[in-house]
Amino acid sequence: MLSVTCQQMQDIEAASFKQGHKPESLMEQAGAGIAKTILHYFPNKRNAVAYLGRGHNAGDALVALRILRDLGWQVGIRCENALHELAPLTRRKLRELGDDFYYNQKRPEKDSIILDGLLGIGAKGPLREPLALLAGEMNHHRVQGRSNTIAMDIPSGINGDTGEVYDGAVIADLTITIAIPKTGLLSQNAVNHVGSLALVPLEALTPENIQPSQPRPLHLTTRHSIKRKRRSFDTHKGQAGRVGIWAGSEGMLGAASLCAEAAIRSGAGLVTLFTPPTLYAALASITPREIIITPSINPQDLLKSRFDALVIGPGLGSPVASLAEKLFAVIQETELPCVLDADMLNLIAREKRLDLFRKNTILTPHPGEMARIYPASEHFSRVPTADNFTSEYSSTLLYKGARTLVAWEASPIYHNSTGTPAMATAGQGDVLSGLIGGLCAQGYPNLEAARLAAWLCGEACQLALRESHITEETLTASDTIAHLAQAFDALT
Ligand SMILES: NC(=O)C1=CN([C@@H]2O[C@H](COP(=O)(O)OP(=O)(O)OC[C@H]3O[C@@H](n4cnc5c(N)ncnc54)[C@H](OP(=O)(O)O)[C@@H]3O)[C@@H](O)[C@H]2O)[C@@H](O)CC1
Ligand SMILES: Nc1ncnc2c1ncn2[C@@H]1O[C@H](COP(=O)(O)OP(=O)(O)O)[C@@H](O)[C@H]1O
Ligand SMILES: [K+]
C-alpha cells in the first residue's frame, strides 16, 4: 500500500468525517485491529502497560488495552498528564477502561508488552516533557525487563514524514500503523525505532486519489497486499510448479538443502537439486526425501528438463572457470524466471557479466553483494540504490536488509513489513531464494513472488518467536521453514 505523509493522512481523515464517519468509531476499529495484531504475535496472556499522551494516539492504545483486559490480560497505564488535559475522546476511552487505572499507575514487569500511545500523527518536533520522561522509561524497561514495545501508528519521537529520529525517541519492536503507512516509517534512519511493521486497514480511510509524496512511490507490503493463489481441484504435481536448483559446494551443502526444502514448502510440485557427483551422498543424507537430487557437472541440465523456474547460487562457492562459463551460458539462454543469489551474484560481479541481469532474472543481494554488483550503492542510501539499480537494469531486485526492498523497472519501491533481528543468522537467504523460485514456478509474477517470499520469511520468523523453545538467539533457518505454513495462513 502507498505510504502517505501525516498531512495527507489528516486530510483523508477530515474527508471521511465530512462523509459522516465518526472519530470514535474509527478509534474503536483501530484499537480492535491493534489488539488483534498484538494477539497474533503474542497469543499468551501477558502483562501490558500503555504509555499515554494527550491525543487520540493514546485513545487507540486505551481501546486495545481494554480488549486485552477483557480477555484476561493484566493491564496498567502510565500517564503524566492531568486528566483534564486529555482529548475528550481519549478521556472517554480511559473512563471506559476505568479511572482506577489512572490513580493506580503501573510500571512494566519483566516480559511485559509496552504500548506506545504517546504521540501519533499529531506529533510536532522533538519529544517535550512529560512525554520525553515516559519515552525514556519505556526504553529502559524494554532493555532491562526484556519487554516488547509496540508503537501505536508511529513510534513517539520519530518524524512521521521523514523518519528523523529525535532525542530519546521510543524504540519499538513492532509498529502497528493505522489505516495507511506513514512515509517516515519506511525511512532507513528510523528502522531501529520502528521495528517490524503491521497495518490495521480502516475501510473509511484509503489512499485513493492521493498523489505519492515521492517521485518513485514508496509502498509497504503487508498481509493485505498480496493474494495467495488457490489451486483448482484437479491440479497435479506437474502443474504445481517445477523448480530446478543449482546450488551447494564442498562445505556449503546446507545452503543447497535449505533452498530446495524451502522451494518444496512453497507449494512447488517438483523440486530438482543439481549437485556435483562428489557431493551427492552427503547432500542426499541431509535433504528431505521429497527433493529429487541429480548429480551433474553440467549446468546445461537445467535447460534440458521441463522447469518453470530456476534458482542458481546458494552455497555455490567459487566455481572453476569452466563451470562459471557454463552457468553464465544457462542464465543467458533461459527465458524462465531465474533467481540469482549469493555466490552467483559474486561470480557475475567478479567476471563483470552484468549483461546477465535480464528481465526474467530476480536478484537477491544483501548489502555486501549489492556493493559488488553495483559499487555505486556505497554512495547512496537504500532507496536511491534500489531506484537507480532498477532504472539501469531490467531485473527484479530484492535488496535484503532489516527492511528488505523489492522493485522492478518503474514499479513502486516495496518495503517489506515483516522480519526480526533473529533472522541475522546463516541460511535465511537460502530459504528466501528457494521460496522465490517455488512461487515463481507456481505462476506468481517475479515481482509478486519476491514480495511474497520476503513477507513470508519475516512473518514465519516472527511467528516462530511465539514458541517457548525459540528465542532471538536460537532461531535458525530451519525454524523459518518449519513456520512457513503459519505464515501462509496469516495471509488474508
Ligand atoms: N488518522 C486517523 O484517521 C485516525 C487516527 N487515529 C489515531 O489518532 C492519532 C492522531 O491523534 P491526534 O491528532 O490527537 O494526535 P496525537 O499525535 O495523538 O497527539 C497530539 C497531542 O500531542 C501533543 N504533542 C505534539 N507534539 C508533541 C511533542 N513533540 N511532545 C509532546 N507533546 C506533543 C499535542 O500538543 P500541542 O502541540 O497541541 O500542545 C497534542 O496534544 C493517530 O496517530 C492514530 O493513532 C485513530 O484513532 C483512528 C483514525
Ligand atoms: N535484522 C533483520 N531484520 C529483518 N530481516 C533480517 C535481519 N537480518 C537479516 N534479515 C533477513 O535474513 C536474510 C539473510 O540473508 P543472507 O544474508 O543472504 O543470509 P545467508 O546468506 O546466510 O543465507 C535476508 O532475507 C534478510 O532480509
Ligand atoms: K505512538
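Which residue of β6 does T175 stand opposite? T175 stands opposite L197 in β6.

## Model and conventions

This is a predicted model, in which local features need pLDDT of at least 70, side-chain atom pairs count only at pLDDT 80 or more, and totals for chains, interfaces and linings use all residues. Residues are numbered from 1 along each chain as its sequence is written, while chains are lettered from A and ligands numbered from 1 in the order in which they are written.

The protein chain averages a pLDDT of 96, where pLDDT is the predictor's confidence in each residue, from 0 to 100. At least 70 is reached by 100% of the residues. For the complex, the predictor gives an ipTM of 0.94 and a pTM of 0.96.

Helices (H or I, at least four residues) and strands (E, at least two) are DSSP runs, numbered from the N terminus. Strand β5 covers residues 174–178, and five of its five residues are buried. A residue is buried if 20 or more other C-beta atoms lie within 10 Å of its own, exposed if 12 or fewer, and partly exposed in between, with C-beta atoms placed from the backbone. L174, I176 and I178 point one way from β5. T175 and T177 point the other way.

Two strands pair if DSSP finds at least two bridges between them. β5 runs parallel to strand β4 (residues 148–152), joined by three bridges. In that pairing, I150 stands opposite L174. β5 also pairs with strand β6 (residues 196–200), again in the parallel sense, over five bridges.

## Ligand 1 and its helices

The shell around ligand 1 has 29 residues, and G55, H56, N57, G120 and G122 come nearest. A residue is near a molecule if its C-beta atom, placed from the backbone, lies within 6 Å of it. The elements giving two or more residues to this shell are α1 (6–18), α2 and α3. The most come from α3, with four residues. By class, the shell has 15 nonpolar, eight polar and six charged residues. Here Ala, Val, Leu, Ile, Met, Phe, Trp, Tyr, Cys and Pro count as nonpolar, Asp, Glu, Lys and Arg as charged, and the others, Gly among them, as polar.

Helix α3 (residues 56–70) has 15 residues and reaches 21 Å from its first C-alpha to its last, close to the 21 Å expected at 1.5 Å a residue. The expected span is 1.5 Å times one less than the number of residues. Of the 15 residues in α3, 12 are buried. Among them are H56, N57, D60 and R66. G72 follows α3, with a positive phi near 100°. Helix α2 (residues 23–41) has 19 residues and should span 27 Å, which agrees with the 27 Å between its end C-alpha atoms. The buried residues of α2 include Q29, G31, G33 and Y41.

## Ligand 2 and the UniProt sites

Around ligand 2 there are 18 residues, of which A402, G419, M423, Q428 and G429 come nearest. Helix α15 (residues 428–441) supplies the largest share of this shell, four residues. The shell holds eight nonpolar, eight polar and two charged residues.

An unreviewed UniProt entry lists K400, G401, A402, R403, T404 and G429 under "binding site". These residues span 30 positions in sequence, yet no two of their C-alpha atoms are more than 14.0 Å apart, so they gather at one spot. UniProt annotations may be inferred rather than shown by experiment. G401 lies in the loop between β14 (396–399) and β15 (405–408). With 15 other C-beta atoms within 10 Å, G401 is partly exposed.

The unreviewed UniProt entry also places "domain: YjeF C-terminal" at residues 220–491. This span is 40% helix and 14% strand, and its end C-alpha atoms lie 15 Å apart.

## Exposed loop positions

S318 sits in the loop between β11 (309–312) and α11 (321–333). S318 is exposed, with 11 other C-beta atoms within 10 Å. Its C-alpha atom is separated by 45 Å from that of A151, 167 residues apart along the chain.

T235 is found in the loop between β7 (218–221) and β8 (242–246). T235 counts as exposed, with 12 C-beta neighbours inside 10 Å. The C-alpha atoms of T235 and N346, 111 residues apart along the chain, are separated by 38 Å.
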